[in-house]
Amino acid sequence: MTGPGVVGGDAAEVVRTPTDLVKLLVTDRGDVQVAEYTSADRDGPPAHTHQWHEIEYVIEGEVEFLLDGQWCSASVGDVQVLPAGSSHSVRVPEGEARLLMVTIGAPYDGFAHDLAALPADATGADVVAAASRHGVELA
């Protein structure tokens with residue numbers, strides 16, 4: 001279904017990527033998708049770009065966002081805003097963090113599903129191949 005509406009959080013599909021627990025909250029509203037994810041990924045993904053706009057809001061914990069080649073600290077209540085094509089990454093320096101991510105453009109959920117389907121012993125090349133199928137490119 002597309003258009004306005006209220007989507008209950010209990011309707012979320014939960015997927016596990018190699019580093020994160022992702023709740024796909026809204027995936028049926030056209031170009032807008034909403035996901036909540038929990039991560040303890042100390043390194044984060046390599047700097048990358050993609051064809052969708054992205055907004056990330058820190059719900060719990062502390063994270064570091066890589067923007068324009070510099071790591072920026074962010075904590076509860078902080079927001080990262082990324083236009084499509086911006087080179088970026090995110091990592092969790094200690095403990096766990098929970099973020100709300102809103103994407104506008106190409107659907108994020110297909111990418112999350114492909115990452116979740118990778119085996120535990122997936123190589124970097126496997127991750128890059130999954131990413132490239134969704135327009136995600138290493139920066």
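Start by selecting R98, which is partly exposed, with a relative accessible area of 22%. Here, buried means under 20% relative accessible area, exposed means over 50%, and partly exposed is in between (1.4 Å probe, protein chains only). You're looking at a predicted model, where local features need pLDDT of at least 70 and side-chain atom pairs count only at pLDDT 80 or more, while totals for chains, interfaces and linings use all residues. Residues are numbered from 1 along each chain as its sequence is written, and side-chain values use heavy atoms, with hydrogens and water left out.

What does E36 form with R98? A salt bridge, with the closest N and O atoms 3.0 Å apart. (That term needs a side-chain nitrogen of Lys or Arg within 4 Å of a carboxyl oxygen of Asp or Glu.) This pair links distant parts of the chain: E36 sits in strand β3 and R98 in strand β10 (residues 97–104), 62 residues apart. Helices (H or I, at least four residues) and strands (E, at least two) are DSSP runs, numbered from the N terminus. Is E36 buried or exposed? It counts as buried, because its relative accessibility is 13%.

**Now pick E64 and R91.** Their side chains meet in a salt bridge, 2.5 Å from N to O. Again distant parts of the chain are linked, with E64 in strand β6 (residues 63–67) and R91 in strand β9, 27 residues apart. E64 counts as buried at 18% relative accessibility, whereas R91, at 23%, counts as partly exposed.

**Move on to D114 and R133.** These two form a salt bridge as well, at 3.3 Å from N to O. D114 belongs to helix α1, and R133 to the loop between α2 and β11, 19 residues apart. R133 is exposed, with a relative accessible area of 54%. Then select K23, E36, E60 and R98 together: salt bridges that share partners join them into one network.

**Last stop: the largest pocket.** Show T19, P45, F111, L115 and V127, which lie nearest its centre among 39 lining residues. A pocket is an open set of points on a 1 Å grid over the protein atoms alone, where a 1.4 Å probe fits, with protein on both sides within 12 Å along at least five of seven lines; lining residues have an atom within 4 Å of a point. Which element gives the largest share of this lining? That's α2, with 5 residues.
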